[in-house]
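Me: Hi! Could you walk me through this one in plain words?

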Amino acid sequence: MRDSSTGSTARPSRRTVLAATAGVTTALAAGTSAYADSHDDRRLRALISRMTLEEKVGQLFVTRVYGHSATEPDQADIDANLKELGVRTAEELIAKYRVGGIIYFAWAHNTRDPHQIAALSNGIQRASLAQPRGLPVLISTDQEHGIVARVGKPATLLPGAMALGAGRSREDARTAARISGTELHALGIRQDYAPVADVNVNPANPVIGVRSFGADPDAVAGLVAAQVKGYQGAGVAATAKHFPGHGDTAVDSHYGFPVITHSREVWETLDATPFRAAVRAGIDSIMTAHIMVPALDDSGDPATLSPTILTGILRGELGYDGLVVTDSLGMEGVRTKYGDDRVPVLALKAGVDQLLNPPSLDIAWNAVLDAVRGGELTEARLEESILRVLRLKSKLGLLRDPYVTDAGVDRAVGTAGHLRAADRIAERTTTLLVNEDGLLPLSRRRSPRVLVVGADPASPSGSDGPPTAVLARALTELGFTATALSTGTAPSAATIARAVTAAGEADAVVVGTYNVSASSSQKTLVAQLLATGVPVIAVAIRNPYDVAQLPDVQAFLAAYSWTDVELRAAARVIAGRAEPRGELPVPVQRADDPTRVLYPVGYGLRY
């Protein structure tokens with residue numbers, strides 16, 4: 001039972017799993033709002049009572065680890081593990097720190113292909129269950145879809161949150177989450193850090209943007225609740241993030257410390273609404289934000305470290321008793337005020353249950369251990385969080401059988417039915433904002449030659465794109481003769497000149513725009529293409545706000561992401577094979593006067 005990318009993922013016998021988990025065999029029904037019953041709690045508490053202090057500390061941590069295999073990673077990943085974690089492999093990591101969770105990243109080489117991921121998951125579980133009093137590991141990832149996806153093709157990639165917001169269908173949102181959850185479950189990933197519950201009311205938000213369902217808190221709440229049901233109905237824990245709400249900031253908490261200036265009243269009606277809906281829907285976990293909200297807590301601490309926000313408001317006022325996980329502890333927003341040895345201790349004192357991805361696991365793990373030994377934290381406080389962790393592992397079936405199979409991967413991941421559903425959902429999201437003189441749908445007879453230019457940002461999952469080539473290929477398959485010319489997010493004068501020359505041989509130009517600002521040379525590109533007299537169709541492949549910076553284009557579509565599924569849908573709309581059915585989930589303000597709305601929420605043209 002090897003865990004290399006070509007190794008077998010055959011599961012050990014059920015007897016082995018039961019023995020390793022001390023007879024805890026009852027998994028709570030997935031997708032319900034109930035936590036553990038008293039009978040299950042007694043058995044979980046019995047497990048906790050047999051743990052050493054070191055094992056208790058380990059259960060609270062979720063960490064990265066490099067490599068495609070739990071035991072035989074590539075040498076470069078061994079070197080990265082030694083440098084950052086002081087161990088060679090995931091197996092050694094578990095033996096040393098007894099971590100309760102591991103998070104997968106593409107950049108850590110955890111997610112090469114479905115069978116490799118399943119084998120890695122099985123290898124991690126075997127390594128953990130082989131330890132004295134070993135427990136299954138809760139494996140997680142950020143699979144939001146759209147612009148954040150850690151697992152790529154051949155798994156199904158779906159429209160992201162703002163695209164779903166444009167589609168306005170709770171059923172589509174639930175279906176997308178069910179598909180994603182089903183595939184993650186088959187890979188051994190049982191906790192997804194999705195959906196995003198932030199209400200994006202700031203067009204300049206550098207970190208949320210199209211990761212949000214939109215600017216209307218009630219609409220966002222409905223879609224969040226739908227996704228909770230979809231993920232958890234598939235046996236994967238959903239995670240609403242980023243509490244208490246990261247939607248109105250111009251600072252990225254990865255690199256700075258955002259301050260949200262909403263009043264308590266605004267917070268209640270805007271930011272809190274989707275989180276309340278998530279709690280009502282039975283959300284399994286909620287992720288904290290490294291932001292300061294003075295109206296909720298004027299101490300100057302980030303929400304992640306705030307007892308007032310996490311214990312007083314989230315648990316007390318919202319009535320939430322599920323798992324609370326931090327956002328990554330390597331982010332600058334939580335490290336600005338305190339050192340890396342204080343952050344995990346303060347987070348636990350604030351009411352956090354899982355400590356996600358500290359920059360130095362050794363420093364963080366030992367800091368918590370020392371805090372207990374020194375009396376700053378009690379073992380009882382740790383056990384309160386460990387019980388929540390074990391409740392979730394029990395509910396997800398991990399204490400019964402944490403293993404996955406190759407056959408299960410083949411049945412669930414990237415199936416034809418899932419891929420067709422992703423295309424159908426995407427078609428209902430593409431939003432037409434400008435269509436002068438009925439330019440669209442584009443006629444193959446009058447405009448057979450199409451030039452596709454624009455930005456080619458890296459694939460979120462590393463498995464699709466580049467956008468210009470995807471659009472050109474899709475248009476060619478729809479009967480046009482399309483060619484691609486990548487011009488980038490900041491095209492130079494020489495690049496613009498090449499695009500203008502190429503436009504001379506085309507009947508229409510499609511420009512993929514990406515976060516166009518007032519000073520962006522993408523505006524110059526579009527202006528010079530328009531000057532050729534060739535019809536220009538702009539497709540915003542990220543933020544729909546680009547339309548305000550491009551007032552002269554003859555047609556403008558919002559795709560909300562540059563993943564293949566959303567770009568193919570946009571191509572079908574351009575070609576008239578699909579109707580534009582999306583409606584803006586956020587308002588677009590005028591570029592020359594941001595106090596005035598150019599296109600309101602709900603705006604969207606039809607053919």
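Reply: Happy to, and one word first: a residue is buried when its relative accessible area is under 20%, exposed when it is over 50%, and partly exposed in between (1.4 Å probe, protein chains only). Helices (H or I, at least four residues) and strands (E, at least two) are DSSP runs, numbered from the N terminus. This is a predicted model, where local features need pLDDT of at least 70 and side-chain atom pairs count only at pLDDT 80 or more, while totals for chains, interfaces and linings use all residues. Residues are numbered from 1 along each chain as its sequence is written, and side-chain values use heavy atoms, with hydrogens and water left out.

Me: What joins strand 15 to strand 14?

Reply: 5 bridges join them, and the two strands run parallel. Two strands count as a pair if DSSP finds at least two bridges between them. V510 stands opposite I537 of strand 15.

Me: In what order do the 6 strands of that open sheet come?

Reply: The order is 11-16-15-14-12-13, and the pairing is mixed. Strand 11 (431-435) and strand 13 (481-486) are at the edges with a single partner strand each, so one side of each has no neighbour in the sheet. From one strand to the next, the twist averages 20 degrees. (Angles run from 0 to 180 degrees between N-to-C directions of lines fitted to C-alpha atoms, for helices over the stretch in contact.)

Me: How many bridges do strand 12 and strand 13 share?

Reply: Strand 12 (residues 449-454) pairs with strand 13 over 6 bridges, in the parallel sense. V452 has A484 in strand 13 as its bridge partner. Helix 17 (residues 467-477) packs on this sheet, where it touches strand 12, strand 13 and strand 14, and its direction makes about 175 degrees with that of strand 13.

Me: New topic: T513. Where does it lie, and what does it touch?

Reply: T513 lies in strand 14 (residues 508-513). T513 is buried, with a relative accessible area of 1%. Not counting residues up to four places away in sequence, T513 touches several residues, including Q522, A538, I541 and D546; a contact here means heavy atoms within 4.5 Å.

Me: Which side chain makes a polar contact with the side chain of T513?

Reply: That of D546, at 2.8 Å. A polar contact is a pair of N or O atoms within 3.5 Å; within protein, one must be able to donate a hydrogen and the other to accept it, and residues adjacent in sequence count only if both atoms are side-chain atoms.

Me: How many residues does the largest nonpolar core have?

Reply: 118, and I124 and F243 have the most contacts inside it. Helix 13 (residues 361-373) gives the most to this core, with 8 residues. A second, separate core of 68 residues includes V510, V526, A538 and Y599. (A nonpolar core is a set of buried Ala, Val, Leu, Ile, Met, Phe, Trp, Tyr and Cys residues joined through side-chain atoms within 4.5 Å.)

Me: Last one: how many helices and strands does the protein have?

Reply: The protein has 20 helices and 18 strands. Of its 607 residues, 63% count as buried. The C-alpha atoms fill a box of roughly 75 × 55 × 40 Å, taken along the principal axes.
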